[in-house]
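Please look over the sequence and the model below before reading on.

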Amino acid sequence: MFADIALLSPPYSVLTYEIPPEFPAELWRPGLRVAAPLGGRGHRAGLLLALKDTSGLPEGAVCKPLCWPLETSPLARPELLLMLQDMALRQGLTVGRILGHVLPKGLRSTKIRLRRLCGGRGETFSLSHVQRLPPGERARLAREMCAGGVRLLSTGEDAAEEELCVLRADPPWPVRPGAARQLAVLEFLHEHGPTPRRNLLRRLGPRAAHPLRALAAAGHVALERGEKAGDEHDGILPSPPFPFELNAGQAAAVADLLAALDEAGPHSRLLFGVTGSGKTAVYLELAKACLARGKSMLLLAPEVALAQKLKRDAAGALPGAPIFLYHGYQSAARREAVYRELGAREDGCLVVGTRSALFLPVSHPGCIVLDEEHDASYKQDEKLFYHARELAWFRMRENRGLLLLASATPDLKTWHAARTGVLPVLRLPRRVTNRPLPPVEMVNLRNVGLFAEADGMLAPESEDALRRTLAKGEQAVVLLNRRGYAPLVYCLECGRTQRCPQCEIGLTYHKGREKLVCHYCGHAEPFPSPCLYCRGMNFLPLGEGTERLAERLATLAGGPVLRLDRDSARRPDRMEEILSAFARQESPVLVGTQMLSKGHHFPRVTLVVAADGDLGLNLPDYRAAERTFQLLVQAAGRAGRGEKPGRVLIQTRDTEHYCWRYVRDGDAEGFYAEELERRRLRGYPPFVRLALLRISFAAGDSAGPAVLGEVAAAVRARGKALGVRVLGPAPAPLSLLRGRRRFHCLLKGQNWPDLRQLYFWAGARDKGGVLRIDLDIDPVNMM
């Protein structure tokens, strides 16, 4: 017998190996991890995809035997394997490449030993040792392993690999300005998050060891074991009281969902409820029903903070239930432990997490819920392209389960499916408090003049509303979807803005870090330092980010203002600390980016101000109006959730834009109707299939433009024959990124196979490998 094995590390190939004769045939099942020989003496971890006999081999083919299984029962369940194979087919990838991006590091490794206790003595075997054993001894070891007498252990613990360096201080850091190596360690951890000690020393050099010890002694950095770091900390934020009584709308939605859960599926539903309508209560009732039926449920959130909140809510509503949390900010060791435990479970459980939780081997999956299903974070658009909604539907289709999409502002494609009868809709039109949604008012910045540079981003009307809110002892949220202190730094001597040398994008000034930072590749320059062009030292920071806005509002509030963005929430648990401090009223004002716009419940917030409502409205993206509508409706929903009524102010320079009418009236259905008609006229989804070829070449490669021209001509000719409209290639909005020239080629057609064919057609024309070509099906990020 032979097996097709997907390698979990480069080259990610699918290779055929001979099955070792020492193990029983029933051990070898699809989804089993194995150690496969590759090259000289090395081994690679692989996943068994399929078994076949000699009839499936080319004549005269000789296959190497597999070295050894890495477990005695498959870690990947059959329906998960089907999803991976379908995903590989649609994306033109191998299963190994997909698993190489989503599996925890330890599950992609062959660094194991076999441990056997025999006659009062213990014996340990490495994989290389096992290969050298006589056939009889290998057969005996295999029998004992299948009987449970042999354990698989990871190779000897490496303290430097197991210990994570975790940042415990926020910038500006309390170290001497001349302590360059300590600052380098702090900057690295701020940018990359918790990092194994060995990796940090490998990147910064062995001379970073002493500064690391000094920072740990001062409490600025902590060393934590991998399986502990990144865990959630329950109880930081209060959970709502349980149990609670469902209102009529919630009860009707739950009844419909339970009926669908008990019918032979697959089924899907859209839960369309205004902000504050109690959608979480519906999820938890559904989770209770799944567990009672012996099924598992995946409850997904677009962001880690929302996933942690949902996990706390679930723990309060379902005491004693098996609940697991899984997200990318956990350590690799923690994620591996969760993966292994779920792979070994045969009864139902509740998994709460972000999009990567869709790759977990949960048993009997009966329901998947996507909370805030419209959020762009459900789309993975780097290295591996996929959308959580598509994978969730595939898993529920294969398991005949229930997919629940939920949002106050659904994705336009989801809404179109609902309006055409493909997706049944459950409505929650009122808040659980029965209070009305807060009124939304537009503040016309054109009437204010050029106040922003001198007096800050808030118009006098907004500042006055904020003062009155604070005077009443209430809280306010100010939204500005731009982080940093100033988005541009202007040299007064040569008149040029400071730009990233790798991306040609303006560097953002971060005052707390005293750095100019590129938000795309991470390049950083100390500030102040000589101008990159004329070496002058006179600068003017232009514009305003969340850091600068929070600094200005602290004066107005007469005390500290909390800030929530990617910079302030980089270290573990910091996001929870900020939200908890705001919930305890340690500050009356919370400033932040879109991270604070959804899911959070602060009953004392009565005012929400969107400081720059136009920020995303004019991006080169056909979804710009939809995203702006969703962001601002969600942000408006943070106001008036308690006993006191709320108020929402949106600052704009274009009060006539059609989007604002629907935001002001809270009319989601009206907005979707107009936006759908605009999409129909211009030929955009959901009325066409859309794919994006992302093409790039090294900025210094002189052959790049010529090869791009050849590929473009071939794609356009083939697209014409297939009836696919080809737009481009044209320079991407971010035309130079990380040292590569970037181009976009937009494909519009009526079926996915034609668009995929053009992707393979383009790749085949790049015979020299000059170009990097990626296929992004139904793109979300057009930059």
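**Strands, helices and cysteines**

In strand 20, Leu270 finds its bridge partner in Val425. The bridge belongs to the parallel pairing of strand 12 (residues 267–273) with strand 20, which 4 bridges hold together; strands here are DSSP runs of E of at least two residues, and helices are runs of H or I of at least four residues, both numbered from the N terminus. Two strands are taken to pair if DSSP finds at least two bridges between them. This is a predicted model, in which local features need pLDDT of at least 70 and side-chain atom pairs count only at pLDDT 80 or more, while totals for chains, interfaces and linings use all residues. Residues are numbered from 1 along each chain as its sequence is written, and side-chain values use heavy atoms, with hydrogens and water left out.

Elsewhere, strand 23 (residues 488–491) pairs with strand 27 (residues 539–542) in the antiparallel sense over 4 bridges, and Val489 stands opposite Pro541 in strand 27. Buried means under 20% relative accessible area, exposed over 50% and partly exposed in between, with a 1.4 Å probe and protein chains only.

Turning to the helices, the axes of helix 1 (residues 78–91) and helix 13 (residues 388–399) come within 10 Å and cross at roughly 135°. The two helices are therefore oblique to each other, since angles under 35 degrees count as roughly parallel, over 145 as roughly antiparallel, 65 to 115 as roughly perpendicular and the rest as oblique. Residues of helix 1 including Leu82, Met83 and Arg90 meet residues of helix 13, among them Leu391, Phe394 and Glu398, contact meaning heavy atoms within 4.5 Å.

Finally, a search of the whole structure finds 0 disulfides, a disulfide being a pair of cysteine sulfur atoms within 2.5 Å. Cys290 is in no disulfide, and the nearest cysteine sulfur, that of Cys367, is 4.8 Å away. Cys290 is buried, with a relative accessible area of 0%.

Technical notes: Axes fitted to C-alpha atoms, helices over the stretch in contact; angles between N-to-C directions.
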